[in-house]
Structures are given as structure tokens and as C-alpha cells.
Amino acid sequence: GQPGAGPLKVGPSLVDFGTGHNSAIAILAALNHRNRTGEGQHIDMALLDSSVAMICHIMQDYLINGVQAERLGNGGNGGGPADLIHARDGMTYITAGSDAHWRRMSELMGQPELYADPRFDTNAKRAKTNRAELIDIINVWSRQFTTEELQAKFDSVGIPAARYNDLAEVWDDPQVQHRACAPRRRMCGPPPDRST
């Protein structure tokens with residue numbers, strides 16, 4: 001429903017990753033079956049099958065009600081508000097997808113009247129019908145703060161949120177550093193023990 005909002009390719013080919021993931025699971029299941037029974041297995045994996053399976057949650061709604069889901073951009077798949085919001089120094093993704101989250105968020109914003117506002121008084125209105133209008137209101141509030149300040153505010157009331165990091169910022173993230181991730185190692189976790 002927005003200009004330029006047609007189909008949009010995601011970054012990497014997710015269907016390739018999904019099919020690889022499904023293949024690994026199928027191989028493990030086949031090896032387990034062989035270990036238990038001595039019988040081999042045939043695995044048939046296709047990108048098409050995986051791509052259809054990857055949209056099963058959306059397809060289920062379509063098969064039940066016959067209505068094609070709207071494109072949500074960065075919006076959540078169910079509850080709202082859920083989207084990228086702007087801070088003074090970057091962006092944060094929030095997902096205040098339940099009524100309890102929305103009540104806490106409206107109070108956190110100093111606008112408790114938004115909780116009962118007829119434009120936003122149901123999850124469907126917050127997540128779909130009036131989503132853009134609500135995100136605009138949230139952005140007016142959130143631009144007053146840094147991403148760090150926003151994170152502290154959201155954490156204090158239990159609203160799921162996380163700063164959006166561009167590629168350069170990923171390596172400065174404290175949790176990435178704690179997990180000992182490094183671009184040259186291409187994996188996370190503590191370094192191998194080479195003392196033996």
C-alpha cells in the first residue's frame with residue numbers, strides 16, 4: 001500500500017541457506033536411522049520446497065481465509081508496534097507486540113492516552129491498519145534519545161528492543177566481543193585451546 005512497496009529481494013539468498021539447513025537436518029536424521037536400523041535413506045531436497053515451507057505461517061492464513069497477506073516491510077508478523085524507529089544516533093528495532101507491551105510503551109513515552117486511542121486500541125490496528133501513523137508518533141518521541149538511552153528505557157519496562165548495527169558497528173557490539181566473534185574467524189565462540 002505504499003509507493004515502491006512491491007516485492008523486494010532480501011539480502012542473501014535465504015532459500016539457499018534454508019535448503020542447506022534442511023539438508024543438514026535430513027542427513028542427520030538419515031544417519032540416525034541408519035545407526036538404529038542399518039538401512040540407508042534417500043534424501044530429496046529442492047529449493048522450491050524449502051521456499052514454500054519458509055512461508056508456511058503466512059500461507060496458513062491464506063489457506064484458511066483466502067486473503068493474501070500485506071507486505072509489512074520491517075513490521076512484525078503479528079503484534080505491533082514492531083518496526084525500526086529512529087534515535088539521535090541510529091536506529092532501534094522494537095517489538096511491543098502484546099497489549100501489555102503497548103500499555104507499558106505508551107506510559108514510557110509519557111502518552112498513556114495512546115493505549116486507549118481508538119486508532120491503536122487493538123493489535124491489528126497497531127500492527128497493520130494504522131501502523132505507519134503509530135510509528136511516526138513513536139519516532140517523534142524516540143528521536144529525543146540515543147540508541148543507548150532508548151535501550152535502557154525499553155529494558156526497564158520489558159519491551160523487546162535492539163539497536164540496529166551497520167556492518168562496521170557489528171564488531172563494536174559488546175555481546176559480539178564477549179562471544180569472541182571476529183570477521184577473520186568467520187565464527188563465534190571462544191577461541192580453540194591450542195595449549196595441548
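This is a predicted model: local features need pLDDT of at least 70, side-chain atom pairs count only at pLDDT 80 or more; totals for chains, interfaces and linings use all residues.
Strands of a sheet pair through backbone hydrogen bonds, and they may do so in a parallel or an antiparallel way.

Stepping back from that pair, the reader finds an open sheet of three strands, arranged in the order β1-β2-β3 with antiparallel pairing. The edges are formed by β1, residues 82-87, and by β3, residues 161-164, each of which pairs on one side only. From one strand to the next, the twist averages 30°. Against this sheet packs helix α7, made of residues 131-142, which touches β1 and β2 and whose direction makes about 30° with that of β1.

In soluble globular proteins, nonpolar side chains tend to be buried together. The largest nonpolar core here has 18 residues, and those with the most contacts inside it are Ile94, Met105, Ile138, Trp141, Leu150 and Phe154. Two or more residues of this core are given by each of β1, α4 (99-108), α7 and α8 (147-157), while the largest share, four residues, comes from α7.

Which residues does Met105 touch, when those up to four places away in sequence are not counted? Met105 touches Ile94, Ala96, Ile138, Phe154 and Ile159, and among these, Ile94, Ile138 and Phe154 are, like Met105 itself, listed with the residues that have the most contacts inside the core.

Methods:
Residues are numbered from 1 along each chain as its sequence is written. Side-chain values use heavy atoms; hydrogens and water are left out. Two strands pair if DSSP finds at least two bridges between them. Axes are lines fitted to C-alpha atoms, for helices over the stretch in contact, and angles run from 0 to 180 degrees between N-to-C directions. Contact means heavy atoms within 4.5 Å. A nonpolar core is a set of buried Ala, Val, Leu, Ile, Met, Phe, Trp, Tyr and Cys residues joined through side-chain atoms within 4.5 Å. Buried means under 20% relative accessible area, exposed over 50%, partly exposed in between (1.4 Å probe, protein chains only).
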